[in-house]
Amino acid sequence: MTTASMFVSRQPSLRQSPPLRSFSNFLGTFTYPHVVRFSTRKRQKLPSLSAAATTSASLQALIFDCDGVIIESEHLHRQAYNDAFAYFNVRCPSELEILNWAADFYDVFQNQVGGGKPKMRWYFKEHGWPSSTIFETPPEDDESRAKLIDSLQDWKTERYKEIIKSGTVEPRAGVLRLMDEAKAAGKKLAVCSAATKSSVILCLENLIGMDRFQGLDCFLAGDDVKEKKPDPSIYITAAKVLGVSARDCLVVEDSVIGLQAAIQAGMSCVITYTSSTSDQDFKDAIAIYPDLSDVRLKDLELVLQNVLAAS
């Protein structure tokens with residue numbers, strides 16, 4: 001069966017996923033260093049900044065995360081998972097219809113459980129291992145369960161690639177302009193993503209274009225470091241590659257996990273949140289934006305200069 005023919009499948013069910021259950025057992029089994037903190041407070045308007053600037057330190061490197069910053073990708077991952085569940089007729093014993101992760105469920109889920117295979121393993125452990133066209137009856141041993149998850153993840157990954165390459169996905173507002181402004185001003189430009197290298201390369205080639213991608217001064221993915229965010233390794237490594245002090249780097253992130261990684265690396269961080277991260281607690285960010293459409297390089301330079309002057 002060709003990859004193209006694999007994608008001609010039944011449409012996923014539109015039923016709602018069951019409520020998200022406790023993650024405590026899961027987090028004790030899989031390595032996931034920090035649980036995301038959520039805040040129900042209303043987002044406060046940032047105070048106006050003074051024009052004060054320092055000459056001893058300034059913005060020298062602008063570092064972007066990928067998923068959530070350059071591309072708002074979680075709904076695309078959710079689509080790819082649901083397409084995989086539909087293609088393989090995945091049905092958990094406690095549910096009557098084909099498995100389908102609803103948007104409100106996935107918004108919470110993806111911020112609590114990192115990685116595709118851990119997501120499925122947690123879900124099946126909680127809701128029962130499913131029947132499918134891979135195994136007619138729910139797998140009962142570890143080897144069969146691993147094969148089920150591997151098969152679903154492999155198909156989902158190929159489906160996600162097809163979505164990205166379809167030409168229908170656009171980068172988030174303001175990202176390309178800000179990248180171009182930084183390069184024109186002689187700033188170092190980097191992308192640091194916790195995702196796998198092949199996935200990030202695919203996104204960057206299709207969303208920012210080959211010229212911008214090849215013009216990056218540093219590109220690091222999850223494969224390049226031993227520990228993923230919120231561990232600071234990827235940003236510490238980026239500073240070394242760029243030859244820039246962490247103090248003079250500014251990170252653009254969309255989640256508290258990325259924010260924690262930047263802060264622990266000694267870098268300042270601005271947040272451009274998404275619909276699935278808007279309620280997270282970003283109190284340690286130096287600025288918070290709904291997107292980058294109205295953000296210019298001079299705005300970021302000013303906010304960083306004020307932070308450095310006050311420190």
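User: Where does pLDDT stay under 50?

Analyst: pLDDT is the predictor's confidence in each residue, from 0 to 100. Here pLDDT stays under 50 over residues 1-56. The model has 112 contacts beyond four places in sequence for that stretch, a contact being heavy atoms within 4.5 Å. Where pLDDT is low, the predicted coordinates should not be read in detail. The chain's mean pLDDT is 84, with 82% of its residues at 70 or more.

This is a predicted model: local features need pLDDT of at least 70, side-chain atom pairs count only at pLDDT 80 or more, and totals for chains, interfaces and linings use all residues. Residues are numbered from 1 along each chain as its sequence is written, and side-chain values use heavy atoms, leaving out hydrogens and water.

User: What is the order of the strands in the open sheet?

Analyst: Helices (H or I, at least four residues) and strands (E, at least two) are DSSP runs, numbered from the N terminus. Two strands pair if DSSP finds at least two bridges between them. This open sheet has 6 strands in the order E3-E2-E1-E4-E5-E6, with parallel pairing. Strands E3 (218-220) and E6 (287-289) are at the edges with a single partner strand each, so one side of each has no neighbour in the sheet.

User: Over how many bridges do E4 and E5 pair?

Analyst: E4 (residues 249-253) and E5 (residues 268-272) pair over 4 bridges, in the parallel sense. Glu-253 stands opposite Ile-271 in E5.

User: Which strands does helix H12 touch?

Analyst: Axes are lines fitted to C-alpha atoms, for helices over the stretch in contact; angles run from 0 to 180 degrees between N-to-C directions. H12 (residues 297-310) packs on the sheet and touches E1, E4, E5 and E6. Its direction makes about 140° with that of E5.

User: At what angle do helices H3 and H4 cross?

Analyst: The axes of H3 (residues 74-87) and H4 (residues 103-112) cross at roughly 110° and come within 11 Å. H3 and H4 are therefore roughly perpendicular, the word for angles of 65 to 115 degrees. Glu-74, His-77, Arg-78 and Tyr-81 of H3 meet Ala-103, Tyr-106 and Gln-110 of H4.

User: How far apart are the axes of H4 and H5?

Analyst: They are 11 Å apart, and H4 packs with H5 (residues 116-127) at about 115°. From H4, the contact uses Phe-105, Tyr-106, Phe-109 and Gln-110. From H5 come Lys-119, Trp-122 and Tyr-123.

Note on methods: Angles under 35 degrees count as roughly parallel, over 145 as roughly antiparallel, 65 to 115 as roughly perpendicular and the rest as oblique.
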